Amino acid sequence: MPLVRTLLVEPAGSVGRYALLLWKAFATLGDMKSYRKNIFDQMVHVGLESMPIVALAAAFSGAVTTVQAAYQLVSPLIPTSIIGSIVVPSMILELGAVLTGFILAGRVGARIAAELGTMRVTEQIDALEAMGLNSVGYLIVPRVLAGVFMFPVLYVVASFVGITGGMAVGVFGGFVPLGEFVAGAREFFQPFDPVFGLIKSLVFGFTITSISCYKGYFTKGGAEGVGRATTEAAVMSCVYLLVADLFLAVTLL
Amino acid sequence: MIKVDNISKSFGDKQVLFNVSLEIREGETTAVIGRSGSGKSVLMKHIIGLLIPDEGRVFVDGVNIDDISYAELRKVRQQFGVLFQGGALFDSMSAFENVAFPLRTFTSKSDSEIAYEVHQCLTMVELPDVGKKMPSELSGGMQKRVALARAIALRPRYILYDEPTSGLDPETSNTIDDLIKSLAEQLNVTSIVITHDMHSVLSIADRAAFIYNGRMHWVGTIDELHASTDKTLCDFVKANEYQIGPRS
């Protein structure tokens with residue numbers, strides 16, 4: 001019985017609580033006027049403040065992809081344009097979104113869970129409810145919407161910076177001339193690729209912020225509980241981000 | 001009037017409240033007393049619908065709050081001001097913003113009107129100059145007073161105090177007690193004070209309700225408390241180093 005409880009009952013309970021929380025949250029969309037300032041604040045935290053680290057990680061990933069592609073593939077028999085054909089689709093299709101997702105899971109997911117978890121254990125959420133405010137709407141909707149709005153922006157920045165980084169290292173490192181890089185990128189470019197990346201980034205933004213809100217909102221215990229919620233938020237966000245990544249690839253590509 | 005009618009509550013296998021009933025009379029200050037873990041705070045959370053009883057009902061002005069929609073419950077809650085045990089100030093906001101928060105959220109007052117109201121509330125709790133400070137810059141006693149200012153910002157009909165003097169030195173505790181008394185008089189509110197501090201009870205309450213092991217063991221006025229010969233109640237009061245006897 002304990003095994004059934006661990007493997008079935010508890011996960012089912014968690015999914016139910018998660019779905020109910022989101023249902024309650026989005027049932028308050030009519031009150032959005034009162035949460036407008038909160039949404040903008042969260043967009044700054046989730047989006048603008050994450051931009052430097054996302055851009056840095058993307059630039060290095062693009063650069064490393066170029067160097068590795070040159071190391072593994074370039075030979076007298078293979079044109080150097082292959083580097084552009086590898087770097088650009090991999091940034092647009094996979095790295096731009098997934099890399100940003102991992103960074104946001106650590107940076108934003110952990111922050112959301114720690115913030116809400118601390119509010120829960122210090123009775124600040126009870127205080128909101130006791131005032132007559134819908135705490136779910138006030139705390140969760142702005143964070144999730146900020147994730148959904150800002151993740152695509154970060155994805156675009158990550159893809160652009162990553163491709164630029166890869167191109168710069170390729171050109172200035174002497175791995176591939178600029179014209180070859182661009183020609184390679186154009187050769188295999190599919191118009192659906194950036195659309196797919198944007199869809200992924202929307203889904204990832206929702207996944208990371210909603211899971212982190214869920215973990216933080218239902219934190220139990222004191223400082224230890226907040227620590228546990230924070231870790232779980234970051235880890236679960238990464239896990240479900242990978243699951244969503246595979247699901248979208250299988251269904252949309 | 002608030003009426004708690006025969007409520008029971010369990011968390012998992014642990015039953016915390018057993019058929020608890022209580023009537024809070026309009027305009028009075030009622031102290032709910034009992035040992036730590038006896039279920040006092042759980043009872044308080046039922047009164048504002050933060051917890052739903054497994055059995056029994058809670059009435060606020062004749063309305064069963066477990067039987068109304070969430071939107072209606074939120075309206076009922078707006079009649080309450082709650083002082084939580086740790087103050088529960090929003091730590092991302094200054095003291096001013098904390099007190100202004102309910103005014104901004106639930107009223108259409110202008111910024112200058114809100115600033116005036118906040119100043120009034122902070123003055124009532126004798127902290128007119130701390131508006132710019134963040135909660136982390138305030139002492140425990142000051143945090144509770146700012147939280148009290150926030151609780152009275154919307155001029156509630158009922159104020160709930162959850163352990164208002166716990167963790168405070170005797171002098172600060174006396175200040176909080178004096179505030180509770182003066183707010184009850186100035187604002188003409190009905191107050192419910194959850195506490196195990198008999199000094200507070202004797203100085204601020206009109207009536208006391210004693211919860212023992214999750215059951216309502218005794219309810220009466222403070223004079224009746226002084227005259228009580230109930231052994232469990234006397235033991236609890238004596239443990240607070242106060243003998244039951246006529247008030248001086």
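User: In what order do the strands of the open sheet of six strands in chain B lie?
Analyst: This is a predicted model. The six strands form an open sheet with mixed pairing. Their order in chain B is β6-β7-β8-β3-β9-β10.

User: Which strands of chain B stand at the edges of that sheet, and why is one side of each left without a neighbour?
Analyst: An edge strand here has a single partner strand, so one of its sides has no neighbour in the sheet. The strands in that position in chain B are β6 and β10 (215-221).

User: By how much are neighbouring strands of this sheet turned against each other on average?
Analyst: The turn is taken between neighbouring strands, with direction ignored. On average it comes to 15°.

User: What is the bridge partner of B:Leu160 in β8(B)?
Analyst: Strand β7 (residues 158-162) of chain B runs parallel to strand β8 (residues 190-195) of chain B, and five bridges join them. In β8(B), B:Leu160 is partnered by B:Ile192.

User: Which strands of chain B does helix α6 (residues 170-187) of chain B lie across, and at what angle does it run to β8(B)?
Analyst: Helix α5 (residues 140-151) of chain B lies across β6 and β7 of chain B, at about 170° to β6(B). Helix α6 of chain B lies across β3 (29-33), β7 and β8 of chain B. Its angle to β8(B) is about 160°.

User: Where in β4(B) is the bridge partner of B:Ile2?
Analyst: Four strands of chain B form an open sheet in the order β2-β1-β4-β5, with antiparallel pairing. Within it, strand β1 (residues 2-11) of chain B and strand β4 (residues 55-60) of chain B are joined by five bridges. The partner of B:Ile2 in β4(B) is B:Val60.

User: Which helix of chain B lies across β1, β2 and β4 of chain B?
Analyst: The helix runs at about 120° to β1(B). It spans residues 40-47 of chain B and is α1.

User: What radius of gyration does chain B have, and why does it agree with a compact globule?
Analyst: The C-alpha trace of chain B spans about 55 × 45 × 30 Å along its principal axes. For 248 residues, a compact globule would have a radius of gyration near 18 Å, so the value of chain B agrees. That value is 18 Å.

User: How many helices and strands does chain A have?
Analyst: Chain B has nine helices and ten strands. Along its sequence, chain A follows the pattern α-α-α-α-α-α-α-α-α. The count for chain A is nine helices and zero strands.

User: At what angle do helix α6 (residues 135-172) of chain A and helix α8 (residues 192-217) of chain A pack?
Analyst: The axes of these two helices are 8 Å apart, and α6(A) passes α8(A) in a right-handed crossing. Residues in the contact include A:Val144 and A:Phe151 of α6(A) and A:Leu202 and A:Phe206 of α8(A). By class, the contact has 15 nonpolar, seven polar and one charged residues. The packing angle is about 145°.

User: Which elements give two or more residues to the side of chain B that touches chain A?
Analyst: In this interface, 15 residues of chain B are in contact with twelve residues of chain A. The side of chain B has nine nonpolar, three polar and three charged residues. The elements of chain B that give two or more residues are α2 (70-77), β6 (80-83) and α3 (95-106).

Technical notes
Residues are numbered from 1 along each chain as its sequence is written. Chains are lettered from A and ligands numbered from 1 in the order in which they are written. This is a predicted model: local features need pLDDT of at least 70, side-chain atom pairs count only at pLDDT 80 or more; totals for chains, interfaces and linings use all residues. Axes are lines fitted to C-alpha atoms, for helices over the stretch in contact, and angles run from 0 to 180 degrees between N-to-C directions. A crossing is left-handed if the near helix is turned anticlockwise from the far one by less than a right angle, and right-handed if clockwise. Two residues are in contact if their C-beta atoms, placed from the backbone, lie within 7 Å. Ala, Val, Leu, Ile, Met, Phe, Trp, Tyr, Cys and Pro count as nonpolar, Asp, Glu, Lys and Arg as charged, and the others, Gly among them, as polar. The radius of gyration is taken over C-alpha atoms; the globule rule is 2.2 Å times the number of residues to the power 0.38. Two strands pair if DSSP finds at least two bridges between them.
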